[in-house]
Amino acid sequence: MEKKELIILGSGPAGLSAAIYARRAELDVLVIERNPMSGGQVLNTYEVDNYPGLPGINGFDMGMKFREHADGLGVPFVSDEITKIEKTQEGYRLTGAADTYETETLIVATGATHRKLGLDREEELTGRGVSYCATCDGAFFRGRDVVVVGGGDVAVEDAIFLARMCRRVYVVHRRDELRAAKSLQARLFAMENVEMVWDSVSCEITGEDLVDGLVVENVKTGEKRRLEADGIFVAVGILPDSGLVAGLAELDEGGYIRAGEDGVTTAPGLFAAGDVRTKPLRQIVTAVADGANCVTSVERYLHSSRR
Ligand SMILES: Cc1cc2nc3c(=O)[nH]c(=O)nc-3n(C[C@H](O)[C@H](O)[C@H](O)COP(=O)(O)OP(=O)(O)OC[C@H]3O[C@@H](n4cnc5c(N)ncnc54)[C@H](O)[C@@H]3O)c2cc1C
């Protein structure tokens with residue numbers, strides 16, 4: 001395959017937005033996606049209720065709409081899983097299961113995966129009470145009881161956010177103290193409708209079609225308890241899909257690719273967009289913004305490298 005001006009790796013919201021902007025900028029672009037369908041994490045989202053102009057849209061439909069937009073502009077897509085990225089003299093070489101690709105610039109939009117609890121029925125009940133994103137789904141649980149599992153900054157921020165709208169928030173943590181920043185802990189402990197469930201691990205999600213509780217076990221006493229709740233918010237970590245560029249661009253301590261809003265990384269000609277980069281809020285709306293910003297950075301880079 002002949003060398004491209006730009007390859008976009010991943011076709012979630014960040015990659016698809018970058019593809020639309022790249023095509024409109026008349027760049028010679030190629031998108032590579034390992035899944036048979038575009039959309040990334042959005043495909044697994046039952047309802048997206050915080051994307052401007054599309055309230056309540058089903059995640060699958062949203063992914064299809066994004067992809068149709070790119071298809072309508074004639075963006076070329078290849079189905080392949082990239083397993084290696086190398087720096088070449090004039091850009092990057094990507095090796096996939098099906099082919100090898102050369103490009104002057106690369107936008108990495110490979111996203112991230114939320115760590116699971118590993119419980120039976122967790123997957124089946126995701127979107128039916130189990131959630132990995134309080135910002136996305138919290139509003140569906142207004143006035144109801146929910147559980148947050150985790151003890152880091154994200155778990156505590158989620159619990160504070162949820163406590164403002166939910167009747168009761170249980171915070172389940174495996175130890176007897178939280179890892180989160182002390183300032184966050186102080187805010188959490190000051191909330192009257194928050195109950196800490198210390199030294200406890202999650203054992204079983206209960207409910208037929210929808211979640212109605214979480215059984216937890218105290219690791220010190222072995223005692224089991226069922227917390228009645230309509231929502232279980234899992235905040236036990238996010239794993240960025242950044243391994244392919246680990247030796248090329250700088251990552252932060254969480255494994256995210258270090259890049260600002262312009263997507264510029266420490267590797268020349270390599271840009272990062274969406275959940276895979278360092279950023280304060282991982283959402284569809286921020287991912288699509290990243291895709292657009294990255295293409296502007298690519299254009300600037302190509303312009304300066306050709307002078
Ligand atoms: C259950 C759930 C519900 C959510 N609900 C909402 C919501 O309501 N509102 C909201 O704003 N956000 C929501 N989010 C967050 C939102 O989905 C993400 O912020 C967004 O999808 C990030 O987009 P992205 O393009 O950066 O990455 P992703 O969506 O993760 O897409 C990355 C793409 O890259 C591909 N890829 C990765 N590695 C390779 C490789 N080596 N080779 C080829 N392809 C590769 C993947 O297959 C994937 O298609 C939710 C997330 C989850 C998990």
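Tutor: A helix here is a DSSP run of H or I with at least four residues, a strand is a run of E with at least two, and both are numbered from the N terminus. Keep in mind that this is a predicted model, where local features need pLDDT of at least 70, side-chain atom pairs count only at pLDDT 80 or more, and totals for chains, interfaces and linings use all residues. Residues are numbered from 1 along each chain as its sequence is written.

Student: Why is Glu299 called partly exposed?

Tutor: Buried takes 20 or more other C-beta atoms within 10 Å of a residue's own, exposed takes 12 or fewer, and partly exposed is in between, with C-beta atoms placed from the backbone. Glu299 has 18 C-beta neighbours inside 10 Å, so it counts as partly exposed. By that rule, 44% of the 307 residues of the protein count as buried.

Student: How do you know whether the radius of gyration agrees with a compact globule?

Tutor: The radius is taken over C-alpha atoms, and the globule rule is 2.2 Å times the number of residues to the power 0.38. For 307 residues that rule gives a value near 19 Å, and the protein has 21 Å, so the two agree. The C-alpha trace spans about 65 × 35 × 35 Å along its principal axes.

Student: Which domains does the assignment give?

Tutor: Domain 1 (4–113 + 238–306) and domain 2 (116–234); such bounds come from an automatic or database domain assignment. Their centres, taken over C-alpha atoms, are 32 Å apart. Across the boundary, 4 residues of domain 1 are in contact with 4 residues of domain 2.

Student: What makes strand 9 and strand 10 a pair?

Tutor: Pairing requires DSSP to find at least two bridges between two strands. Strand 9 (residues 145–149) and strand 10 (residues 168–172) have 5 bridges and run parallel, with Val147 opposite Tyr170 in strand 10. They belong to an open sheet of 5 strands in the order 8-15-9-10-11, with parallel pairing.

Student: Why are strand 8 and strand 11 called edge strands?

Tutor: Strand 8 (130–131) and strand 11 (194–197) each pair on one side only.

Student: And how many bridges join strand 12 to strand 13?

Tutor: There are 6, and strand 12 (residues 200–206) and strand 13 (residues 213–218) pair in the antiparallel sense. Thr206 stands opposite Gly213 there. In this hairpin, with 6 residues between the strands, Gly207 takes a positive phi near 130°. Strand 13 also runs antiparallel to strand 14 (residues 224–228), joined by 5 bridges; Gly213 has Glu228 as its bridge partner in strand 14.

Student: Which residues come nearest the ligand?

Tutor: Gly10, Gly12, Gly40, Gly111 and Gly274, out of 37 residues around the ligand. To be near, a residue's C-beta atom, placed from the backbone, must lie within 6 Å. The shell draws at least three residues from each of domain 1 and domain 2.

Note on methods. Contact = placed C-beta atoms within 7 Å.
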